[in-house]
Amino acid sequence: ADRLAIAQGRMQFWPGHDCAAVTEFIVYPNCKALNIFAGGGRRGRALKELAGRLEPALQRWARAAGCGKIVAFGITPNWAPVGRTLGYRHLWTVMTKDVE
């Protein structure tokens with residue numbers, strides 16, 4: 001994540017003991033969303049901390065900021081089961097290619 005964007009408050013850094021996340025607000029035409037821009041941590045421990053500690057804080061932050069949704073792009077398949085237990089649903093897969 002861009003350190004300058006975090007320093008300027010355009011992105012937020014969420015540190016944990018075993019995981020961390022970076023978020024940003026995205027304003028769509030019909031909805032403001034908190035986007036989990038990046039996340040990760042210690043294998044085997046990060047998901048537990050994310051679900052138990054970090055995600056509830058993200059929910060409160062999103063609600064206080066007037067967001068109608070939380071979205072996360074680039075989530076690896078091993079996050080899907082945890083996401084489902086927290087009420088997230090998989091909507092799409094994003095592909096990208098560098099311009100040649």
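## Gln 12 and its partner

Let's start in strand E2, where Thr 23 is the bridge partner of Gln 12. Gln 12 itself belongs to strand E1. Strands here are DSSP runs of E with at least two residues, helices are runs of H or I with at least four, and both are numbered from the N terminus. This is a predicted model, so local features need pLDDT of at least 70 and side-chain atom pairs count only at pLDDT 80 or more, while totals for chains, interfaces and linings use all residues. Residues are numbered from 1 along each chain as its sequence is written, and side-chain values use heavy atoms, with hydrogens and water left out.

The two side chains meet as well: Gln 12 and Thr 23 make a side-chain polar contact at 2.7 Å. (A polar contact is a pair of N or O atoms within 3.5 Å; within protein, one must be able to donate a hydrogen and the other to accept it, and residues adjacent in sequence count only if both atoms are side-chain atoms.) Is Gln 12 buried or exposed? With 11% relative accessibility, Gln 12 counts as buried. The cut-offs are under 20% relative accessible area for buried and over 50% for exposed, with partly exposed in between, using a 1.4 Å probe and protein chains only. Setting aside residues up to four places away in sequence, Gln 12 touches Ala 21, Val 22, Thr 23, Glu 24, Phe 25, Leu 34 and Trp 61. Contact means heavy atoms within 4.5 Å.

Now for the wider layout. The chain has three helices and four strands, and along the sequence they follow the pattern α-β-β-β-α-β-α. The four strands form an open sheet in the order E1-E2-E3-E4, with mixed pairing. Strands E1 (11-15) and E4 (69-72) are the edges: each has a single partner strand, so one side of each has no neighbour in the sheet. From one strand to the next, the twist averages 30°. Helix H2 (residues 46-64) packs on this sheet and touches E1, E2, strand E3 (32-41) and E4, with its direction at about 30° to that of E2. For such angles, axes are lines fitted to C-alpha atoms, for helices over the stretch in contact, and the angle between N-to-C directions runs from 0 to 180 degrees.

E1 pairs with strand E2 (residues 19-27) in the antiparallel sense, over five bridges; two strands pair if DSSP finds at least two bridges between them. Asp 18 is in the loop between E1 and E2 and, at 18% relative accessibility, counts as buried. Apart from neighbours within four places in sequence, Asp 18 is in contact with Gly 40, Gly 41, Arg 42, Arg 45, Ala 46 and Glu 49.

## An aromatic cluster

A pair of aromatic rings is described by the distance of the centres and the angle of the planes. Rings of Phe, Tyr and Trp (its six-membered ring) pair if their centres lie within 6.5 Å; planes under 30 degrees apart are stacked, over 60 edge-to-face and the rest tilted. How many aromatic pairs does this rule give? The count is two. Trp 14 and Trp 61 have ring centres 5.9 Å apart and planes at 75°, so they are edge-to-face. Trp 14 is in strand E1 and Trp 61 in helix H2, so this pair ties together parts 47 residues apart in sequence. Trp 14 is buried at 15% relative accessible area, whereas Trp 61 is partly exposed at 36%.

Phe 25 and Trp 61 have ring centres 6.0 Å apart and planes at 20°, so this pair is stacked. Phe 25 lies in strand E2 and Trp 61 in helix H2, so the pair ties together parts 36 residues apart in sequence. Phe 25 is partly exposed, with 28% relative accessible area. Together, the ring pairs link Trp 14, Phe 25 and Trp 61 into a cluster. Phe 25 also has the charged end of Lys 32 over its ring, 4.6 Å from the centre; this requires NZ of Lys or CZ of Arg within 6 Å of the ring centre and within 35 degrees of the ring normal.

## Leu 54 and the chain overall

Leu 54 is another residue of helix H2, and counts as buried at 7% relative accessibility. Beyond its neighbours within four places in sequence, Leu 54 is in contact with Trp 14, Cys 19, Ala 20, Ala 21 and Glu 49.

Of the 100 residues in the chain, 28% are buried. Among contacts between residues at least 6 apart in sequence, 49% join residues at least 24 apart.
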